[in-house]
Amino acid sequence: MIAETVCSAVSAAGLGIAAITAYRKRFLAATRLAAYSLVPVGLVMTGVVGWLADTAFSMKAWVGFGVLGAAWLLFMITRAVERRSGGTRKERKAAKAAQREAVAPAASAPSLGQGARPAAQSAAQPKAAAPKEDFSDIEAILKKHGI
């Protein structure tokens, strides 16, 4: 009787902590905590605690097996979601930090200096005199390949 009360109290406390964790928007951790907190009640209901009292085939035992099955299912769901989302919370934080560091801090600044703009030169030179293009290096490459 005392063991059942203690297990129930532990489960209730665990479910309370899981509710607080879910309120903080950490749903995977809250689901995992809920699964852990259902285990003591499941063990009491299956009759593991009171096995000597011949409760192995009672309705309460089978409901306890159902609760243990629900806890196992919650564990498996959290594992599947964790694998799909890319690992543990620590790994996701490291990936976000690496992604943030991959972007250059001054990427929005222009990469050309002030001397790259020919605005001052274009006003001084007329547009009629276009610079001659030198294709000698291209011609050498084409001759080398027999074209």
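How far apart are Arg 79 and Glu 82 in helix H3, counted in residues and in helical turns? Here are some friendly notes, with that pair taken up at once.

1. **The opening pair.** Arg 79 and Glu 82 are 3 residues apart in helix H3, and therefore about one helical turn separates them. Helices here are DSSP runs (H or I, at least four residues), numbered from the N terminus. The two side chains form a salt bridge with an N to O distance of 3.6 Å; the term requires a side-chain nitrogen of Lys or Arg within 4 Å of a carboxyl oxygen of Asp or Glu.

2. **Ground rules.** Please keep in mind that this is a predicted model, in which local features need pLDDT of at least 70 and side-chain atom pairs count only at pLDDT 80 or more, while totals for chains, interfaces and linings use all residues. Residues are numbered from 1 along each chain as its sequence is written, and side-chain values use heavy atoms, with hydrogens and water left out.

3. Glu 82 counts as buried because its relative accessibility is 14%, whereas Arg 32, at 24%, is partly exposed. Arg 79 is partly exposed too, with a relative accessible area of 37%. Salt bridges with shared partners connect Arg 32, Arg 79 and Glu 82 in one network. For these classes, buried means under 20% relative accessible area, exposed over 50%, and partly exposed in between (1.4 Å probe, protein chains only).

4. **Another salt bridge.** The structure has 3 salt bridges. One of them pairs Lys 60 with Glu 4, whose closest N and O atoms are 3.9 Å apart. Here Lys 60 sits in helix H3 and Glu 4 in helix H1 (residues 2–23), 56 residues apart. Lys 60 is partly exposed at 41%, as is Glu 4 at 28%. As background, side chains of opposite charge can pair when their charged atoms come close.

5. **The largest pocket.** About 260 Å³ of space lies in the largest pocket. A pocket is an open set of points on a 1 Å grid where a 1.4 Å probe fits, with protein on both sides within 12 Å along at least five of seven lines; lining residues have an atom within 4 Å of a point. Its lining includes Arg 32 and Glu 82, along with Phe 27, Arg 89 and Lys 96. Helix H2 (27–46) and helix H4 (89–102) are the elements that give two or more residues to this lining. By class, the lining has 3 nonpolar, no polar and 8 charged residues.

6. **A nonpolar patch.** Trp 72, Leu 73, Met 76, Ile 77 and Val 81 make a nonpolar surface patch of about 470 Å². Patch residues have over 30% relative accessible area and no salt bridge, and nonpolar side chains are joined within 5 Å. Trp 72 lies in helix H3 (residues 59–85) and counts as exposed because its relative accessibility is 52%.

7. **A contact to look at.** Val 39 belongs to helix H2 and is partly exposed at 27%. Its C-alpha is 6.8 Å from that of Ala 71, although Val 39 and Ala 71 are 32 residues apart in sequence.

How values were computed:
Grid points are joined across faces, edges and corners, and a volume is the space filled by probe spheres set on the points. Ala, Val, Leu, Ile, Met, Phe, Trp, Tyr, Cys and Pro count as nonpolar, Asp, Glu, Lys and Arg as charged, and the others, Gly among them, as polar. Patches are made of residues with over 30% relative accessible area and no salt bridge: like charges are joined within 9 Å, nonpolar side chains (Val, Leu, Ile, Met, Phe, Trp, Tyr) within 5 Å. Accessible areas come from the Shrake-Rupley method with a 1.4 Å probe; for residues, only the protein chains shown count as cover.
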